[in-house]
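Subject: Structure handover

Hi,

Here is the structure I said I would pass on. Please open it alongside this email.

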Amino acid sequence: MSEQEDDLSAHIDDDVFVDQAAFDGGGGGNGPIYEIQDVRLEETLIDDLQKVKANDPSLTEFEASGSYGLFRVLTDEDWEQLGRGVTKSDFLETLCLYEGALDDQRMSSLFRGLTMSDSIQRVSLCSNGLSDSGLGRMVPFLQNSSRLNFLNLSHNNITSGGLSSLLSALRDSPIKELYCGGCGLDSINIDMNSIPPNLLVLSMCNNNINADGCRELAKMLQGETVTLRELYLDENKIDDEGVGILVDALQNNTSLEYLNLENNGGITNNGLKLLLKLVNDVSSINSTLLSNHTLQTSGLSALNKDSAPNEIEKQIRHALVINQENAGDSAAAGREKVISTQLNSLTRKELCRQQGIDECNFYSQINDLHLPEVLSLVARTHGHGELFEALVASVASLFSTVNRSQCQQQQCDERERYLVQQAAEHTDEAVHHAAISAQHAAIAAQHANRAERMRAELIAIRQARAMQFQAAGGEGVDRIKRRRI
């Protein structure tokens, strides 16, 4: 057995699980390297290490933090051996080494052995202080792990170049969740061709991302193939300009459901107004119907997590609730926003003020022939007080601007189009049934011909039988005559 394949217990005593010489001070009089705080936890870790090496089916999760003293005595060869064990494992699904369990040197050794996996689904290496160099050692593993869907690298030291390399390595992977929070990122450079095709969740919280970073992240929110559903950007340096960039990217986005912008002190009410207009643009009925109806939840506190939401935030959340209640049905969400906000004069006026829009006569946008139906809806939804306001606003349309001749002509035109359409449909039906009738007539003729042939055959059979009977009868008479003679 090679030295690299030696049992990890070569460095640990069976009962105490530490290198005895190191524990005794190694003759240097400096005392033990570490003291075991919880022997049972250390025993569990050693047991798990052995299970990894043995490809034990009972071990599906390997988790350990840097607080384990054992990590201080593991050699580079031990880490490489652990990596090879994980590579060969058929059952290990989660690998979690955090809070100082790793450094760049250990990463190099671990991923020299861990180059691929067909079982690992979740990897968490958070809070290890890893640099781009250490994380770069993961590239072969990331490129050759067929089931990896979760990766947490939060609270390490990742630069823009490191993030680009990471996304490039994940370009063809099944990764769905990526967490890079608290990594000190102040700039981002995203290659459109390196965006993981199945990514659903991206956390970039607690970094230094600004408007330039938002411009790069917007690439992940635009296009027909976008998949991102959750984007965490809280605790960054995003201002109103950054919000505007994200809002522009979300105009036609139908995938993102959660956006967290909490605790970005640079976001003022101007940025919130942009978000409000994104989810409920009241500049016109059509604009409301074309607003973003996919976004359902958003962390919005502009100053700090303890601040009470202002009126703009309340309106944003109201629109988001409508989106949530009508998830998957954008048309229904748009109608609900029109009914709940546009048909209420006070709400509409306030929303116009918040969005910096000059309030126009809402009812002038409605076809005069549909006004009675709309007014009825106002009464049912908002009460008779609002109905009175609606009548005052629409009276001109009802009694002054309505061209009766034009309305009658419009009704005639609509009736004519309806009749033409119905006539065409009935003509098509008649042709269809005529074709079916012709087909049935042909089938009936075939059956009649077949019946006629059968009747002729039956007559021929009966005639043959009669002739046979007559012949047989004559022979019988001749025999009787001969007997009497």
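This is a predicted model: local features need pLDDT of at least 70, side-chain atom pairs count only at pLDDT 80 or more; totals for chains, interfaces and linings use all residues.

The whole chain

The chain has 485 residues, and 41% of them count as buried. It holds 17 helices and nine strands. Take the contacts with a separation of 6 or more: 76% of them come from residues 24 or more positions apart. The accessible surface of the chain is about 26,300 Å². Carbon and sulfur atoms account for 49% of that surface.

Asn-263

Look next at the loop that runs between strand E8 (258-260) and helix H10 (269-279). Asn-263 sits there. Its relative accessible area is 13%. The cut-off for buried is under 20%, so Asn-263 counts as buried. The side chain of Asn-263 also has a partner: a polar contact of 2.7 Å links it to the side chain of Glu-235.

Ser-291

The second residue is in the loop between helix H11 (285-289) and strand E9 (297-299). Ser-291 has a relative accessibility of 9%, and it too is buried. Its side chain reaches a backbone atom, the oxygen of Ser-287, at 2.9 Å. Which residues does Ser-291 contact, leaving aside its neighbours within four places in sequence? They are Lys-277, Leu-278, Val-279, Asn-280 and Asp-281.

Write back with any questions.

Best wishes

Definitions and conventions
Residues are numbered from 1 along each chain as its sequence is written. Side-chain values use heavy atoms; hydrogens and water are left out. Helices (H or I, at least four residues) and strands (E, at least two) are DSSP runs, numbered from the N terminus. Buried means under 20% relative accessible area, exposed over 50%, partly exposed in between (1.4 Å probe, protein chains only). A polar contact is a pair of N or O atoms within 3.5 Å; within protein, one must be able to donate a hydrogen and the other to accept it, and residues adjacent in sequence count only if both atoms are side-chain atoms. Contact means heavy atoms within 4.5 Å. Accessible areas come from the Shrake-Rupley method with a 1.4 Å probe; for residues, only the protein chains shown count as cover.
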